[in-house]
Amino acid sequence: MNIRRPTDLQKKRDKRDTRKKYIAAGIGVAFLLVTIGLVVTVKQSSLFRVQEITISGVPSAYGAQVRSALEAFAYEHSFLAKFLGVENILAWDGNPKEFLAANPQFRLLHVQKDYIHRAIAITVDGREKFGVWCGAADDNENIVPAEGIATTTNEVTIQDEPLHECYWFDRDGVLFAKAPQVQSELFNRVYDSTGRVLTLRDAILPDKLLANLMRVFTLLDVAQINTKTVFIRDIALEEVDTSSLSDPRIMFSLRSDPTFSLSAINALKQSGDWDRLEYVDFRAENRASYR
């Protein structure tokens with residue numbers, strides 16, 4: 001009777017295990033080589049090379065800046081873009097949420113990839129400058145122009161060293177870019193002395209109050225009031241007021257539509273009383289008081 005010794009059985013098991021290891025290693029190497037080959041092919045093949053990039057929603061000159069900003073952001077934040085290069089269609093992110101988060105000057109940015117024609121279509125919706133919001137420590141400081149320079153409606157004065165942080169905001173009231181300390185009535189301006197600290201992507205007011213603030217700016221324009229600047233002094237009061245060299249101080253509540261005040265302003269102007277007034281108060285809805 002032939003009885004195998006334990007050492008012989010162990011040797012056969014070791015040989016089988018070794019053979020399996022070699023096979024697994026060979027498969028792994030083959031898979032790695034195939035993967036490297038595919039990656040190199042994808043990187044170098046003209047089949048994935050972008051042939052055309054179109055940008056809509058902004059002027060062509062600004063579109064070139066948007067493209068440059070997208071490519072720079074991709075190189076910095078995307079491994080795929082670094083490896084393949086932005087000329088490869090696979091490197092483009094179709095939903096660039098991180099780019100939008102880092103660039104609040106864009107409301108919307110969408111990248112559509114056409115693999116058949118190797119084309120990329122970029123749709124941009126940029127935020128437009130509606131006005132300047134400035135945080136202010138002292139109300140009196142807000143209305144004093146730079147020394148020796150008068151604030152006018154025809155010139156723009158930019159101070160070399162802004163006293164307070166200022167941002168551009170759009171019609172949605174969203175702060176989207178830093179702004180200079182502008183001393184001019186060419187721009188809508190909001191001076192906020194409430195002590196709030198706002199920064200990029202913040203809204204200057206809740207939606208309802210913002211809607212009435214926009215109506216205040218429209219009213220000032222239609223009524224030909226010689227200012228485009230309003231002051232928020234206490235956010236809890238939900239009101240704004242104006243200051244002008246040639247018009248009385250005007251106070252508005254943001255809780256209601258201020259449009260009703262236009263007829264009262266016109267009436268006071270026609271009566272000749274307007275230029276002699278110290279202030280006009282429209283904070284009570286459909287009611288005017290003045291002195």
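## Basis and overall make-up

In this predicted model, local features need pLDDT of at least 70 and side-chain atom pairs count only at pLDDT 80 or more, while totals for chains, interfaces and linings use all residues. Residues are numbered from 1 along each chain as its sequence is written, and side-chain values use heavy atoms, with hydrogens and water left out.

The protein chain holds seven helices and 14 strands. These are DSSP runs numbered from the N terminus: helices are H or I of at least four residues, strands are E of at least two. Of the 291 residues, 35% are buried. Buried means under 20% relative accessible area, exposed over 50%, and partly exposed in between (1.4 Å probe, protein chains only).

The chain exposes about 17700 Å², with 54% supplied by carbon and sulfur atoms. Areas come from the Shrake-Rupley method with a 1.4 Å probe; for residues, only the protein chains shown count as cover. Contact means heavy atoms within 4.5 Å. Among contacts between residues at least 6 apart in sequence, 59% join residues at least 24 apart.

## Helix α2

Helix α2 (residues 60-77) has 18 residues, which at 1.5 Å a residue should span 26 Å; its end C-alpha atoms are 26 Å apart, in agreement. The expected span is 1.5 Å times one less than the number of residues.

Gly63, Val66, Leu70, Glu71, Phe73 and Ala74 of α2 are buried. They cover an arc of only 165° around the axis, which puts them on the same side of α2. The arc is taken from the directions from the helix axis to the C-beta atoms. Ala61, Gln65 and Glu76 are exposed on the face turned away from the buried side. Cover for the buried residues includes β1 (52-56), α3 (79-84), α4 (97-102), β2 (106-114) and β3 (119-126).

## Helix α6

Helix α6 (residues 207-222) reaches 23 Å from first C-alpha to last, close to the expected 22 Å. Its buried residues include Leu209, Asn212, Met214 and Phe217. The buried set packs against β6, β9, β10, β11, β12 and α7 (261-271). Gln224 follows α6, with a positive phi near 60°.

## The nine-stranded sheet

Nine strands form an open, mixed sheet in the order β7-β6-β4-β9-β10-β11-β12-β13-β14. β7 (175-178) and β14 (289-290) stand at the edges with a single partner strand each, so one side of each lacks a neighbour in the sheet. Strands pair if DSSP finds at least two bridges between them.

β11 and β12 pair in the antiparallel sense over three bridges. Val240 stands opposite Phe252 in β12. α7 lies across β12, β13 (279-282) and β14, at about 155° to β13. Axes are lines fitted to C-alpha atoms, for helices over the stretch in contact; angles run from 0 to 180 degrees between N-to-C directions.
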